[in-house]
Each structure stands twice: as C-alpha cells, then as structure tokens.
There are 2 protein chains.
Amino acid sequence: MLPQTSLAESASARSSARRAAKDLPPKPQPLAGPLELVGAQMAFARNEEIYGEGEPAEYVYKVVSGMVRTYKILSDGRRQIGAFHQPGDVFGLEIGDEHSFAAEAVTDSTVLVIKRSTLVAQAARDSEVARQLWLLTARELERMQSHMLLLIKSAQERVAAFLLEMAERSDDQSTVELSMSRQDIADYLGLTIETVSRTLTQLAETAAIELPSSRRIVLRNRSALKQLNA
Amino acid sequence: MLPQTSLAESASARSSARRAAKDLPPKPQPLAGPLELVGAQMAFARNEEIYGEGEPAEYVYKVVSGMVRTYKILSDGRRQIGAFHQPGDVFGLEIGDEHSFAAEAVTDSTVLVIKRSTLVAQAARDSEVARQLWLLTARELERMQSHMLLLIKSAQERVAAFLLEMAERSDDQSTVELSMSRQDIADYLGLTIETVSRTLTQLAETAAIELPSSRRIVLRNRSALKQLNA
DNA sequence: CGACCATTTGATATGGATCAAGCGATGTGG
DNA sequence: CCACATCGCTTGATCCATATCAAATGGTCG
C-alpha cells in the first residue's frame, strides 16, 4: 500500500501560509500559542488510525503536514466525516475523557502530539493558555455550525461549498488538489459517491469548474460557485 | 420549503402580546457556576426577539423559565433552528464579537442576562470561571455534533430522536408537552411541516407514540423509538 | 499484460418536497 | 352566543432530487 507520493508531497509542501488577500475573511491561522512549545512529532501512513472513537483523550494533536479526517461510524454502518484537518489545524481536543470522533490520516501525515493534561494544567495557571483552549473549541464549534448548515442544502450547493472551502486553504486559490477520495467527500457532505461524481460532472458542463484529472479541480467561475453556495 | 411561513411566524409576534411581564417571581435554578452571581432578569413574550444574528454579543443569557430557540435564516429564506434552550441552559455565548445565531422566545420566557465582558474579565483572573466558559462552549459543540449527525438521517429517525431529546428534558419522561410549533420542529430537523406531521402520524399508527393532542405526545414504546434512532 | 481499485455513467426506485385541500381549535365581531 | 375568519395541523396527490443498483471506463501497480 504505497502512498500516492505526488499527492502526499504536494499536500504537505503547502504548509506555509501566505494570505494573498483575496475577497476572503481573515482565516484562523496556525496558532503561535502554547501548542507549539511541547510535544513530539509522529508520522502516520495513509489511512492509518490516529485514535479511535471512544478512546481516552490523552493527547491533543496538531497537523504538521498531510491531512487528517475525523469521523464517526453510525450504527447503520455509514460514516460521517466531521472535518478534514490541514497543516496548522488542531484536532482531538476534548473536554471529556474520550475522543468523540475517530481520526485517520488521509495522506501520509505528520502531527504534533501534546499531552492534554499538560495543557489543562497550564490553562489553570495561565489565563492566556486557557483562552487559547477556549478559542480552539469555539472555532471547532463554528466549523461544526457551518457544516450543519451545509447538510440541509442541495447536492450542488454542498459540492460547491466544499470546493470553495478547499480552495480557500490551498495557496493557488483557483486550483484544488484533492487528497481525499470521492468516498471521503461523499461522507463529509452526506451524499453518495455517485452524486458527488455526477455533481462535479455537472459543474464542469456548466463551465463552473474544470476537471483535468479526478483529483485536480480548477475553479473556472468562483462567483458561480458562491452563488450556488446559497 | 416555506420561508414565508417561517418568517411570518416570527413577524407576526402579536403586537398585542403581554409585554409587561417585566417582574416575574425569580424561580431558583439548580445549575451551579459563576453565571449565577451576576446579571438581571428579563422577560420576553412569545416570539419576541432576544437578539438578532450579527448583533454585538454584549450579553450571555441563561434561561430561567420558558423556552428559547436560536436560529439562522439562510439566503434562500429557509430558517434553520440550531437549538431549543430550556431552563438552566446558557445561550448566546460567543467568542467573537457578534452573535452567530439569532434568538427568540418560543413561549413567554424569562432569562438571566450577564455582561460578557464581565465574564471574560473574571475568566482572566479566575481559572475556574475560565474552565466553566470553556465547558459551556464544549457542551454547545457536542450538541451541535449530534445535531449534525441527526441531519443525515431519515425523517423517522430525526423525529424519533427529537421526541427522545424532548422527553429526556421533561419531568414525566414518557409524556412530552411540546411548546414549539410544527414549523419550529421542521426547521430544527431540516424537514417540512408536512413530513413532520406525517411522520408523527406514522409513529402513532405503529403504536410507538400516542397523540392525545397536537402538542402533547405520549411515548408508548421508547425502545422502538431508540431503535429508530439508529 | 492483467488484476484491482477509484471513478464515472446509466437506469430505476424512492423518500421527502411541493402543491393543494380539508379539518379542528381558538378567538373575534356582530 | 353563534357565525365566521384565522391559524396550526393533517391528509392527499404528484413531482423531483438523490439513493440505489448495475455496468463501463480508466488509472495504477505488480
């Protein structure tokens, strides 16, 4: 199971952040906060589990390179992906003792691992650390809220929103290099792979996007996509 | 959907409504925490707005009596209700400067109003307050996560989950007194009122519930509902 | 080359939305 | 106090978006 080297590399090569001030709101940047200070780096291979749902939440994680998905398996076997985490993103921060979602590497990834107890103890002493932890959770809440709103929209709207979301985090804002599969996208958007695939084809037919290859998408008409993103 | 209906409901906040109930008897609430200490009580009439989306988030609120809904209006006019807040629940806590959702009283309600800046200042000094604020946001996040999972389920599953959720918070766990309209339920579950109504009828036909009146629901077979709640 | 996996495309089924009408409770004005 | 308008809810008929089932295509690797 060799990783798709080209994809993995291009994904991780883009960890630097330049804000080429488009029409975008200021994006949460990799926190230069307390999470930098401690912890060890770990590497995970494509599709490798980082932690399982319900496991003790001993650590907090920060993506250094690659991409991580967090998800739940529903009782009917479906998988719902809650988020794709990219370099700079923190994930796995819980206030309870267990991870409420599972986490896996989408591509070969490296993550920074920090002991939660350390952070919590620091937070008790340093109000700035406490504020950072709160901020992280609040940001996660915002993400979840907008994801909830996504799930009540049409397939076109969901896919368009997804593409814009991915484009926002890529440095070439008009080309998206997808490191996740159609199944991942489907499970993120609450659709089937067939619907995701068909919708992309449709968007290409209406010239909103271009599909040079299945994992590379060029945004031809971003305002049309935003329009859809009702 | 029926944006007109949704909007009409809140717009029709009867101008004749008793707005004068400024001084209700303070009902002692069980929830502990720093939020008890400060703040004034305010009363809101049914369907009255407590704050709008995008308004400065100057205050944090705690339900004393009644019920509050928080919601967003989407660009296509649909309304998505994020939560129904009942006595003891805190709502309107933001980390940014604006309310990301709007809030309205579902029934005549009284809420405790606390200045956010006070809380934040306290949190900077007292790590226990800081932890409480974090906890509140984390709890909201959990709620949002499970709501997200709801939205990818079938109509029956959503309605069943809703009933169980409401039953859990009622004192007679097997009878639910709904204070919100079918439209509210629909906008909470991402369905139409017709589908909500039909689904309730179905559940009654399969003897899972009983419908003595439209706002009163008896849970006859909770395990069947939980089953549905896949 | 051939097997395998991811993706696309096609045909059909179906759950929930939409459009439309009926019904029961509640309140209002004559 | 009744007749009637109104409102919230239910029920019926039909439509449509997406799921499901099925097969073809294409890319990757041994």
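# Questions on chains A and B

User: In which strand of chain B is B:Ile217 placed?
Analyst: This is a predicted model, in which local features need pLDDT of at least 70, side-chain atom pairs count only at pLDDT 80 or more, and totals for chains, interfaces and linings use all residues. Residues are numbered from 1 along each chain as its sequence is written, chains are lettered from A and ligands numbered from 1 in the order in which they are written, and side-chain values use heavy atoms, with hydrogens and water left out. Strands are DSSP runs of E with at least two residues, helices are runs of H or I with at least four, and both are numbered from the N terminus. For B:Ile217 the run is residues 216-219, strand S11.

User: Is B:Ile217 buried or exposed?
Analyst: A residue is buried under 20% relative accessible area, exposed over 50% and partly exposed in between, with a 1.4 Å probe and protein chains only. The relative accessible area of B:Ile217 is 0%, so this residue counts as buried.

User: How far apart in space are B:Ile217 and B:Leu163, C-alpha to C-alpha?
Analyst: Leaving aside neighbours within four places in sequence, B:Ile217 has several contacts (heavy atoms within 4.5 Å), among them B:Leu163, B:Val176 and B:Leu200. B:Leu163 is 54 residues away in sequence, and the C-alpha separation is 8.5 Å.

User: What span does helix H4 of chain B reach?
Analyst: Residues buried in H4(B) include B:Val159, B:Phe162 and B:Leu163. The expected span of a helix is 1.5 Å times one less than its number of residues. With 15 residues (155-169), H4 is expected to span 21 Å, and its first-to-last C-alpha distance is close to that, at 22 Å.

User: Which residues form a ring cluster with A:Tyr51?
Analyst: Rings of Phe, Tyr and Trp (its six-membered ring) pair if their centres lie within 6.5 Å; planes under 30 degrees apart are stacked, over 60 edge-to-face, and the rest tilted. The search of the whole structure gives 12 aromatic pairs over all chains, one of them being A:Tyr51 with A:Phe91, stacked at 6.2 Å and 25°. This pair joins strand S2 to strand S6 of chain A, 40 residues apart. Ring pairs link A:Tyr51 into a cluster with A:Tyr61 and A:Phe91.

User: Over which ring does the charged end of A:Lys72 sit?
Analyst: A charge sits over a ring if NZ of Lys or CZ of Arg is within 6 Å of the ring centre and within 35 degrees of the ring normal. For A:Lys72 the distance to the centre is 5.3 Å, and the ring is that of A:Phe101.

User: Which residue of chain B is in contact with A:Glu140?
Analyst: A:Glu140 belongs to helix H3 (residues 127-150) of chain A. Its relative accessible area is 17%, so A:Glu140 is buried. Beyond neighbours within four places in sequence, A:Glu140 touches A:His85 and, in chain B, B:Leu141.

User: What area do chain B and chain A bury between them?
Analyst: Buried area is the accessible area (1.4 Å probe) that two parts lose on being put together, summed over both. Each chain gives 33 residues to the contact. Carbon and sulfur atoms carry 78% of the buried area, which is about 3200 Å².
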